Amino acid sequence: MTASEQWVLQLCHGYDGPFLDCARQYAALFVGTPYKVCTVYLTGDESDEVVRGSASDEVIFLGYESKAVRGLKIGALRALKRIVKGRDFHFCIAHRFKPTYLALLCTRLPVIGINHAFGVYQRRSRRLFANLYRRRLTLLGVSDAVRNDIRACIPGWPGGRIETLYNRIDIGAVQSEQVDRAEARACLGLSADAWVVGNVGRLHPDKDQATLIRGFAKALPCLPENSCLVIIGVGRLEARLKMLASELSIAERVRFTGSVPHARRFFKAFDVFALSSDHEPFGMVLLEAMAAHVPVICSDCGGGREVVCGVGALFPFGNADALAEQIVSLTSMPVDSGRFETRLHRCFSDEAATARFWALLSNWGVKAVSRQNSSASQEKT
């Protein structure tokens, strides 16, 4: 490490679920710039796999238990102060509220708070805190729906300080992981000639697989022979959902696979991918299905409808009849792979996100070396 090195601090609560890839997404924004990225995880054990997945120049694991970073925790504040003191950080990217809170308390850096869920600033205490630090805090939502939720909670802020930066995928990497249709079906134990509606997610009320099962049951008489619904995931509603399938006399047509590691590798097993969630903040699984060139259906609420705009089918949340109609319509609709590719590259690629991020950074007045200046300096050397 030299005195001339310029750093970005990325602060994450942990690397569970989608948050490891979120760290990768934001580290990718600085490829080809003078900046080095230091990613700090508040919780979670050290892991070589996480280091590789973070795609950062340095990864630090503080190793706290989740309960150890609740409230105002002096130990976490001191650890972060030591990290910041040892490097020339220009600004901080913080995922979720707790890291945003800690970054503002223990540094003097401009902080970009990334919001992955609805309702983050509905608490009065959080609104007061955000307003206290508004001079150096900017907020990003992972969809316009999340952004609008924040704006409604903190109405006094300039709209330009609460913006959207979509989640995205490394399109080439995801597609290279995805196995072909025959192998995907073999791995999931599905018949080669089945017509498959797929769903991936926690078995939780927010995901509303009950409407999906009801919609599939209504569509079934009009679907090809050997049609089935495959639900990948685990959760507290498993027994209830299985009972529902039995009550609808379609238990033999609904397959619950349980947890499938790296499930996105097997999306080509599906003929249709359906997401029935209630106000999904974004819907990464929709991008993964689109990368596999699988037609997508999504409930018309939350961030999911933004993802599938122009390339997927929508139905009113909780409306099993409308969902059934959309499922049936896709049995005869040819797959237009080119539309998926265009949509992904235009809106949900690392390249698209990088261009938007640097434009936002310039608008916010965050003092940072521009990519253009970086390119010019590299050409001179």
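Helices here are DSSP runs of H or I with at least four residues, strands are E runs of at least two, and both are numbered from the N terminus. Keep in mind that this is a predicted model, where local features need pLDDT of at least 70 and side-chain atom pairs count only at pLDDT 80 or more, while totals for chains, interfaces and linings use all residues. Residues are numbered from 1 along each chain as its sequence is written, and side-chain values use heavy atoms, with hydrogens and water left out.

**Salt bridges**

Let's start with the charged pairs. Side chains of opposite charge can pair when their charged atoms come close. A salt bridge is taken as a side-chain nitrogen of Lys or Arg within 4 Å of a carboxyl oxygen of Asp or Glu. The count by that rule is 15 salt bridges.

| Pair | N to O distance |
|---|---|
| Asp21 and Arg24 | 2.9 Å |
| Arg305 and Asp300 | 3.2 Å |
| Glu288 and Arg264 | 3.6 Å |

For burial, read "buried" as under 20% relative accessible area, "exposed" as over 50%, and "partly exposed" as in between (1.4 Å probe, protein chains only).

Take the Asp21 and Arg24 pair. Both residues sit in helix α1 (residues 19-27), 3 residues apart, or about one turn of the helix. An α-helix has 3.6 residues a turn, so residues three or four places apart point the same way. Arg24 is buried at 12% relative accessible area, whereas Asp21 is partly exposed at 22%.

How far apart in sequence are the parts that Glu288 and Arg264 tie together? The salt bridge between Glu288 and Arg264 links parts that are 24 residues apart, because Glu288 is in helix α11 (residues 284-291) and Arg264 is in the loop between β10 (254-258) and β11 (272-275). Glu288 is buried, with 11% relative accessible area, and Arg264 is partly exposed, with 21%.

As for the Arg305 and Asp300 salt bridge, Arg305 is partly exposed at 38% relative accessibility, and Asp300 is partly exposed too, at 34%. Elsewhere, salt bridges with shared partners join Asp21, Arg24 and Asp350 into one network.

**Charges without a salt bridge**

Glu5, in the segment before β1 (6-12), is buried but has no salt bridge. Its nearest side chain of opposite charge is Lys36, 4.3 Å away; Lys and Arg count as positive here, Asp and Glu as negative, and His and the chain ends are not counted. Setting aside residues up to four places away in sequence, Glu5 touches Lys36 and Asp88, with contact meaning heavy atoms within 4.5 Å.

One of the four, Glu65, is in the loop between β3 (58-64) and α3 (74-85) and is exposed at 55% relative accessible area.

Gly63 is in strand β3 and is partly exposed at 41%. Gly63 and Glu46 are 17 residues apart in sequence, and their C-alpha atoms are 7.4 Å apart in space. Beyond its neighbours within four places in sequence, Gly63 contacts Tyr41, Leu42 and Gly44.

**Helix α6**

What covers the buried residues of α6? In this helix (residues 144-153), Ala145, Val146, Arg147, Asp149, Ile150 and Cys153 are buried. Their cover includes β5 (111-115), α5 (124-132), β6 (137-141), β7 (162-164) and α12 (304-307).
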